[in-house]
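Please keep the sequence and the structure in view while reading.

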Amino acid sequence: MKGLLATLILLAMGLPAWAETSPSADELLQRMDTLYQQNSAHAVMSMTVVTPDYERTMQLESWSLGLDFALVKVLEPVRERGVATLKRDADMWNFLPKINKVVKVPPSMMMGSWMGSDFTNDDLMRETSWTEEYAVTLSETDTTYELQLTPFENTVTVWGGMTLSIRKDNLLPIEQRYFDEDGREMRVMTFSDITDFNGTELPATMRLTPLNKDDQYTEVNYQQLEFDTDLTTDFFTLQNLRRRN
């Protein structure tokens, strides 16, 4: 979930030294690229999916290590407890406790919905940083920095471009917009509810709205978020994927 569930390697506790001056486009993109993970992270969050036909909320717990390792488990509702997703490098698996089965997610399913939300499997699977995948240009208003991202020719992505709006006063994101190859705006992510997580201020709420679906969105709210946890690659195993706690 890159949005949702995706290395805060470069973000120190508080604002980096260059925030006192004028950051470059690359510096801003590096910061946005790794905003919710650092070297390692552990989080508890809710995810609410709203459609014209129904509304459902799940409680999730996640662990991540850089861009290469992530584990997300459903805590509630009880009937879905234990449903989980594991990412290791370029591989991704889902565990379905009702049938006690681990299912590997094939490349053909990368644009499929993740856990019934507006996030896709591809959102969880990003393996490289935006600075390696996109050319970035910077403009600004009185209160915001505006980043325009254009994929490099060899970048594998479904998006023809993205824009990011960032507050100048605290260098936190306001919104992120996604465009298809024809330049049509397809979805928007908004960031709100700035919260202090053990000394690191971040937006606690993210809402992803698909613009081709009426009255539909997915909202993630972080209740707990801690960085630099005692995690190693040995934690991200198929055995832990199956463990229901």
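## Thr 163 and its surroundings

In this predicted model, and leaving aside residues up to four places away in sequence, Thr 163 touches Leu 147, Gln 148, Glu 175, Gln 176, Arg 177 and Phe 179. Thr 163 itself belongs to strand S9, which covers residues 161-167. Its relative accessible area is 18%, and because buried residues are those under 20%, Thr 163 counts as buried.

## Helix H1 and what covers it

Helix H1 spans residues 25-33, and its buried residues are Ala 25, Leu 28, Leu 29, Arg 31, Met 32 and Asp 33.

## A nonpolar patch on the surface

On the surface, a nonpolar patch is formed by Leu 96, Ile 99 and Val 103, which together have about 230 Å² of accessible area. Of these residues, Leu 96 lies in strand S5 (residues 91-96) and is partly exposed, with a relative accessible area of 34%.

## Confidence in the model

For the protein chain the mean pLDDT is 86, with 88% of the residues reaching 70 or more. Over residues 1-19, however, the pLDDT is below 50, although this stretch has 67 contacts in the model beyond near neighbours in sequence.

Key. Residues are numbered from 1 along each chain as its sequence is written. This is a predicted model: local features need pLDDT of at least 70, side-chain atom pairs count only at pLDDT 80 or more; totals for chains, interfaces and linings use all residues. Side-chain values use heavy atoms; hydrogens and water are left out. Helices (H or I, at least four residues) and strands (E, at least two) are DSSP runs, numbered from the N terminus. Buried means under 20% relative accessible area, exposed over 50%, partly exposed in between (1.4 Å probe, protein chains only). Contact means heavy atoms within 4.5 Å. pLDDT is the predictor's confidence in each residue, from 0 to 100. Patches are made of residues with over 30% relative accessible area and no salt bridge: like charges are joined within 9 Å, nonpolar side chains (Val, Leu, Ile, Met, Phe, Trp, Tyr) within 5 Å. Accessible areas come from the Shrake-Rupley method with a 1.4 Å probe; for residues, only the protein chains shown count as cover. A salt bridge is a side-chain nitrogen of Lys or Arg within 4 Å of a carboxyl oxygen of Asp or Glu.
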